[in-house]
Amino acid sequence: TPAALVPGAYILRGFASEQDQQLLHDLQTVLAQAPWRHMQTPGGLAMSVAMCNCGRLGWVSDRAGYRYTTHDPLSGKVWPAMPPSFAALAQSAAATVGFARFVPDACLINRYQTGAKLSLHQDKDEQDFSQPIVSVSLGLAATFLFGGLRRSDPVLRTELNHGDVVVWGGQARLRYHGILPLKPGEHPLTGDVRINLTFRAAG
Ligand code: MD3
Ligand code: FE
């Protein structure tokens, strides 16, 4: 088992590197069915991160709050299927750190353009917190913040680079976390953006 960043959080540096082109190709198939959109916070502000989903369930935010839906509110259709390359990578990363039974039913896809950020938050819209979350970083690097179980707890930071995969389980599952505003840059595979795939067992 790799070393834990904090108890329960395992960084697998470069774990997705060999599949990067396949993942980005399959992402295009998803986006052809469900385009990027800037969701609204419950307070009515547009999020700076553009999002999309694939899998049986998709995470949405609007004036009514945060929740998982089976259908894309933009099209009224079910979310695009999770590409086998996505599911296989998430399951293999989870199994590497001991979550052999992890079966993601939701993949939230985040796109950061210059300046886009994700404020400190907890992921608690899922049914079963004993299941981990697997995140895959592609493209430009970003500074990841992770705090504790209370918003006021001290925050550590680490860089997430292209190909890095993090499995958040156990005690790390409910920690506050966020992403600092993306710095401008150019990546050979994604151009001027960072893409993050987060896999969840949400239902
Ligand atoms: C720690 N995404 O989608 S990935 C999110 O880079 C989210 O787009 C960030 O936070 C991103 O909710 C961070 C790393 C991550 C994802 C989920 C976590 C860290 C986590 C859930 C619990 C604890
Ligand atoms: Fe999160």
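This is a predicted model: local features need pLDDT of at least 70, side-chain atom pairs count only at pLDDT 80 or more; totals for chains, interfaces and linings use all residues.
Visitor: Is D123 buried, partly exposed or exposed?
Guide: D123 belongs to the loop between β7, residues 118-121, and β8, residues 133-139. A residue needs 20 or more other C-beta atoms within 10 Å to be buried, and 12 or fewer to be exposed. Since D123 has 19 other C-beta atoms within 10 Å, it is partly exposed.

Visitor: Is H177 buried or exposed, and in which strand is it found?
Guide: Leaving aside neighbours within four places in sequence, H177 is in contact with L120, F144, L145, F146 and G147. With 23 other C-beta atoms within 10 Å, H177 is buried. The element that holds H177, residues 177-179, is strand β12.

Visitor: In what order do the strands of the open sheet that includes β12 follow one another?
Guide: Strands of a sheet pair through backbone hydrogen bonds, either parallel or antiparallel. In this open sheet of four strands the pairing is antiparallel, and the edge strands, each pairing on one side only, are β7 and β10, the latter covering 156-160. Neighbouring strands of this sheet are turned by 20° against each other on average, direction ignored. The order of the strands is β7-β12-β9-β10.

Visitor: Is R194 buried or exposed, and how many other C-beta atoms lie within 10 Å?
Guide: A further "binding site" in the unreviewed UniProt entry covers several residues, among them Y112, R194 and L197. R194 has its place in strand β13, residues 194-200, and, apart from neighbours within four places in sequence, its contacts are Y112, S137, G139, L140, A142 and L182. R194 is buried, because the number of other C-beta atoms within 10 Å is 26.

Visitor: Which residues does L197 touch, not counting residues up to four places away in sequence?
Guide: L197 lies in strand β13. With 24 C-beta neighbours inside 10 Å, L197 counts as buried. Not counting residues up to four places away in sequence, L197 touches F86, C107, I109, S135 and V136.

Visitor: How far apart are the farthest two C-alpha atoms among W59, Y66, R67, Y68, D125 and R151?
Guide: UniProt lists these residues for "binding site", again in an unreviewed entry. They span 93 residues in sequence and do not all gather at one spot, because the farthest two C-alpha atoms are separated by 23.5 Å.

Visitor: Which residues does D125 touch, not counting residues up to four places away in sequence?
Guide: D125 is found in the loop between β7 and β8 and is partly exposed, with 16 other C-beta atoms within 10 Å. Y66, which lies in strand β5, residues 65-69, is in contact with S61 and D125 once neighbours within four places in sequence are left aside. With the sequence neighbours excluded in this way, D125 touches W59, Y66, R67 and Y68.

Visitor: Which residues are closest to ligand 1?
Guide: The shell around ligand 1 divides into seven nonpolar, five polar and three charged residues. The elements that give two or more residues to this shell are β6, covering 106-112, β8, β11, covering 165-168, β12 and β13. Of the 15 residues that surround ligand 1, the closest are N110, D123, S135, W168 and N196.

Visitor: What distance separates the C-alpha atoms of V167 and F199?
Guide: V167 has its place in strand β11, where it counts as buried, with 29 C-beta neighbours inside 10 Å. Along the chain V167 and F199 are 32 residues apart, and their C-alpha atoms are separated by 9.5 Å.

Methods. Residues are numbered from 1 along each chain as its sequence is written. Chains are lettered from A and ligands numbered from 1 in the order in which they are written. Two residues are in contact if their C-beta atoms, placed from the backbone, lie within 7 Å. UniProt positions are given in the numbering used here, feature names are shortened, and annotations may be inferred rather than shown by experiment. Two strands pair if DSSP finds at least two bridges between them. Axes are lines fitted to C-alpha atoms, for helices over the stretch in contact, and angles run from 0 to 180 degrees between N-to-C directions. A residue is near a molecule or strand if its C-beta atom, placed from the backbone, lies within 6 Å of it. Ala, Val, Leu, Ile, Met, Phe, Trp, Tyr, Cys and Pro count as nonpolar, Asp, Glu, Lys and Arg as charged, and the others, Gly among them, as polar.
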